[in-house]
Amino acid sequence: MAVFTFEDETTSPVAPATLYKALVKDADNIVPKAVDSFKSVEIVEGNGGPGTIKKISFLEDGETKFVLHKIEGIDEAKLGYSYSIVGGAALPDTAEKITIDTILSDGPNGGSVVKLRINYHSKGDVPPNEDELKVGKAKSDALFKVIEAYLLANP
């Protein structure tokens, strides 16, 4: 297995503590409200802390699909969160898992800086498909913007 690492950074007008609370602590309730295509979030293993696996069901192209999301770590003091996609529709056939580490910090005008590190754990030494990466990033960015808009509209 090879690991391919990508980093990304973005800003948000939402304060770091508010964004962290929404994305980590309240995500199971907020995401289905903010994103019409998300249908449910259920814990299939664990108690909500590290090691917990969640099944996130959503509608895509008229079909119900799911993603298995494993919580790797939670660091409230540093506003950090780490999770892996370990199964389902968002995991390409060439990947064992995809781990996303997120750290939030103070940004301009009371907003946030969001730093992401994505570790793509491939099956064998096969690098990730560039088109799959672009589609995954676009979906992730769109989801983030919808949640951000929800938070701005519902302070």
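**View 1. Ser122 and the residues around it.** Leaving aside residues up to four places away in sequence, Ser122 touches Met1, Ala2, Phe4, Thr94, Ala95 and Glu96. The model shown here and in the other views is predicted. Ser122 is found in strand E7, which covers residues 112–122. With a relative accessibility of 0%, Ser122 counts as buried, because buried means under 20%. The side chain of Ser122 also reaches the backbone oxygen of Gly124, at 2.8 Å.

**View 2. The open sheet.** The sheet is made of 7 strands in the order E1-E7-E6-E5-E4-E3-E2, and it is open. The pairing is antiparallel. At the edges are strand E1 (3–12) and strand E2 (38–45), each of which pairs on one side only. On average, neighbouring strands of this sheet are turned by 25° against each other, direction ignored.

**View 3. Strands E5 and E6, with helix H1.** Strand E6 (residues 95–106) pairs with E5 over 6 bridges, in the antiparallel sense. Ile85 has Ile98 in E6 as its bridge partner. Helix H1, residues 16–25, lies across E1, E4, E5, E6 and E7. The angle at which H1 runs to E6 is about 155°.

**View 4. The crossing of helices H2 and H3.** Helix H2 spans residues 27–34 and helix H3 spans residues 130–153. Their axes come within 10 Å and cross at roughly 95°, which means that H2 is roughly perpendicular to H3. On the H2 side of the contact are Ile30, Val31, Lys33 and Ala34. These meet Leu143, Val146, Ile147, Tyr150 and Leu151 in H3. Of the residues in this contact, 8 are nonpolar, 1 is charged and none is polar.

**View 5. Asp61 in the loop between E3 and E4.** Asp61 is found in the loop that joins strand E3 (53–60) and strand E4 (63–75). Its phi is near 55°, a positive value in a residue that is not glycine. Asp61 has a relative accessibility of 76% and so counts as exposed, the cut-off for exposed being over 50%.

**View 6. Leu79 in the loop between E4 and E5.** Leu79 is found in the loop between E4 and strand E5, which covers residues 80–88. Although Leu79 is not a glycine, it has a positive phi of about 50°.

Notes:
Residues are numbered from 1 along each chain as its sequence is written. This is a predicted model: local features need pLDDT of at least 70, side-chain atom pairs count only at pLDDT 80 or more; totals for chains, interfaces and linings use all residues. Side-chain values use heavy atoms; hydrogens and water are left out. Axes are lines fitted to C-alpha atoms, for helices over the stretch in contact, and angles run from 0 to 180 degrees between N-to-C directions. Helices (H or I, at least four residues) and strands (E, at least two) are DSSP runs, numbered from the N terminus. Angles under 35 degrees count as roughly parallel, over 145 as roughly antiparallel, 65 to 115 as roughly perpendicular and the rest as oblique. Contact means heavy atoms within 4.5 Å. Ala, Val, Leu, Ile, Met, Phe, Trp, Tyr, Cys and Pro count as nonpolar, Asp, Glu, Lys and Arg as charged, and the others, Gly among them, as polar. Buried means under 20% relative accessible area, exposed over 50%, partly exposed in between (1.4 Å probe, protein chains only). A polar contact is a pair of N or O atoms within 3.5 Å; within protein, one must be able to donate a hydrogen and the other to accept it, and residues adjacent in sequence count only if both atoms are side-chain atoms. Two strands pair if DSSP finds at least two bridges between them.
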